[in-house]
Amino acid sequence: MSNKKKPITKIEQPKTQSRAAQLHYLAQLRGEIEEEKPKLNKKKFAIISAIILAVFVAGLVFCNIQLNNIEEINLAPAKYIEEHGANGLDSLNGSASMYMLGRVVAITGMVIYGFYALITLLQPKRRKPNRSFWGDFGIYAMLLIIAVLMAFPLVFSVAASLKPLDELFRFPPKVFPDHPTLDNFSDLIVTMGQSWIPFSRYLINTVLITLIGTLGHVLIASMAAFVLAKYDFPGGKTFFSIVVTALMFTGYVTGIPNFVIMSKIGIIDTYWAIILPAFAAPIGLFLMKQFMEGLPTALIEAAHLDGAGEVRIFWSIVMPNVKPAWLTIMIFSVQSLWNTNAATVIRSEEKKTLVYALQQIQAGGIARTGQAAAVTVVVISVPILVFILSQSRIMETMASSGLKD
């Protein structure tokens with residue numbers, strides 16, 4: 001047992017006479033509250049961290065320059081041997097390993113200290129930390145690894161679209177281009193301009209199909225989900241069970257039945273052959289019903305007592321409270337309709353979608369590999385942009401989450 005006494009700290013009596021301040025003062029006297037640690041000066045810490053990281057970056061740049069010089073000498077060693085002899089070349093190659101080690105140390109130090117500084121600066125103010133520094137470090141490290149794995153395909157696609165043709169065929173492939181260029185996008189525009197159907201026509205077709213299909217899908221799914229979630233009627237549960245069962249079947253399974261139905265009603269080779277199946281997608285109805293079941297029935301009953309009709313209740317109460325649900329459905333619908341080529345139901349070239357036209361360019365062979373990489377970026381850009389613009393509203397808490405029936 002250690003008899004070491006704690007250092008005596010001066011506890012100042014609060015100037016205010018509020019009860020909370022007096023209780024805190026008495027608790028400090030009894031030793032129930034530990035002395036607060038001095039606050040971190042984040043501005044000073046950020047300046048020091050920037051200086052330390054700059055030193056690491058300078059060391060990395062210096063090592064890279066030296067290694068590049070050594071590599072150039074090794075490509076043409078005759079002149080260097082003439083001036084310094086064979087021993088000079090051996091000693092130069094020996095120092096290369098030291099520079100490589102210095103580069104590894106610089107990168108490692110930059111990553112570890114940068115991560116530590118980031119955690120320290122972003123750490124929120126809290127009275128008693130829930131975790132230690134290493135607990136925070138482990139959680140942030142895991143989240144960083146997951147974020148890198150999820151972002152890597154997108155980064156690689158964008159980087160590939162900026163590579164010249166010789167770098168696209170390099171093995172092993174590099175993630176980032178050595179000589180970035182926009183030639184792939186300019187070649188893509190030239191190729192699309194040579195088509196006998198204007199590029200703008202394909203774009204208008206796709207935008208029209210995506211807008212009408214998405215709006216109709218959200219509207220129909222929301223109205224059907226409202227009835228299934230808040231009203232009991234014969235066959236309601238059976239109908240919803242059919243909707244849940246339909247979630248198991250992908251578009252490849254339902255492609256032939258859809259084509260037969262569209263052919264029977266005579267809308268093949270029209271935009272409606274793509275739009276009508278989008279209206280009936282089961283994923284939207286399923287998600288909306290699950291969200292609407294969490295909406296308190298008391299809100300709807302109170303609206304009925306105030307004299308509101310069903311349409312008013314649906315537009316003014318239900319839809320604003322399930323905004324995260326229909327925004328999520330919009331993302332799924334936009335992604336599905338924007339990426340469809342509709343080659344089985346659209347036969348006229350002037351009604352083809354943008355993705356169909358871009359896929360024809362991708363099928364042009366090795367000479368169009370760079371354009372194919374640019375096509376990938378063009379196709380994925382719109383769904384990603386829609387998600388970025390609406391992600392804050394999707395993640396927000398529903399207005400009725402704190403209410404209970």
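Predicted model: local features only at pLDDT ≥ 70, side-chain atom pairs only at ≥ 80, totals over all residues.
Biologist: Let's start with the overall fold. How many helices and strands are there?

Modeller: The secondary structure comes to 16 helices and 0 strands. Of the 405 residues, 29% count as buried. For contacts with a separation of 6 or more, 69% join residues 24 or more positions apart. The protein exposes about 27,100 Å², and carbon and sulfur atoms supply 66% of that area.

Biologist: Now the surface. Which residues form a nonpolar patch?

Modeller: To join a patch, a residue needs over 30% relative accessible area, and nonpolar side chains are linked within 5 Å. In this model the patch includes Phe199, Leu203, Val207, Ile261 and Trp272, and its residues have about 820 Å² of accessible area together. Helix H7 (199–230) and helix H10 (272–279) each supply at least two residues, and H7 gives the most, with 6 residues. Trp272 sits in H10, and at 43% relative accessibility it counts as partly exposed.

Biologist: Is Asp269 buried or exposed?

Modeller: Buried means under 20% relative accessible area. Asp269 has 18% relative accessibility, so it counts as buried.

Biologist: On to charges. Which side chains meet in a salt bridge?

Modeller: You look for a side-chain nitrogen of Lys or Arg within 4 Å of a carboxyl oxygen of Asp or Glu. The structure holds 1 salt bridge: Lys289 and Glu293 meet at 2.2 Å, N to O. Both lie in helix H11 (residues 282–293), 4 residues apart, which is about one turn of the helix. As for cover, Lys289 is buried, with a relative accessible area of 7%, whereas Glu293 is partly exposed at 40%.

Biologist: Last one, helix packing. At what angle do the axes of H13 and H14 cross?

Modeller: For angles, 65 to 115 degrees counts as roughly perpendicular. The axes of H13 (residues 310–321) and H14 (residues 323–338) come within 5 Å and cross at roughly 70°, so the two helices are roughly perpendicular to each other.

Biologist: And which residues of H13 and H14 meet?

Modeller: From H13, Met319, Pro320 and Asn321 meet Lys323, Pro324 and Trp326 in H14.

How values were computed:
Residues numbered from 1 in each chain as written. Heavy atoms only, no water. Patch = residues over 30% accessible without salt bridge, like charges linked within 9 Å, V, L, I, M, F, W, Y side chains within 5 Å. Areas by Shrake-Rupley, 256 points an atom, 1.4 Å probe, with all protein chains shown as cover. Buried < 20%, exposed > 50% of the residue type's maximum accessible area, 1.4 Å probe, protein only. Axes fitted to C-alpha atoms, helices over the stretch in contact; angles between N-to-C directions. Parallel < 35°, antiparallel > 145°, perpendicular 65-115°, else oblique. Contact = heavy atoms within 4.5 Å.
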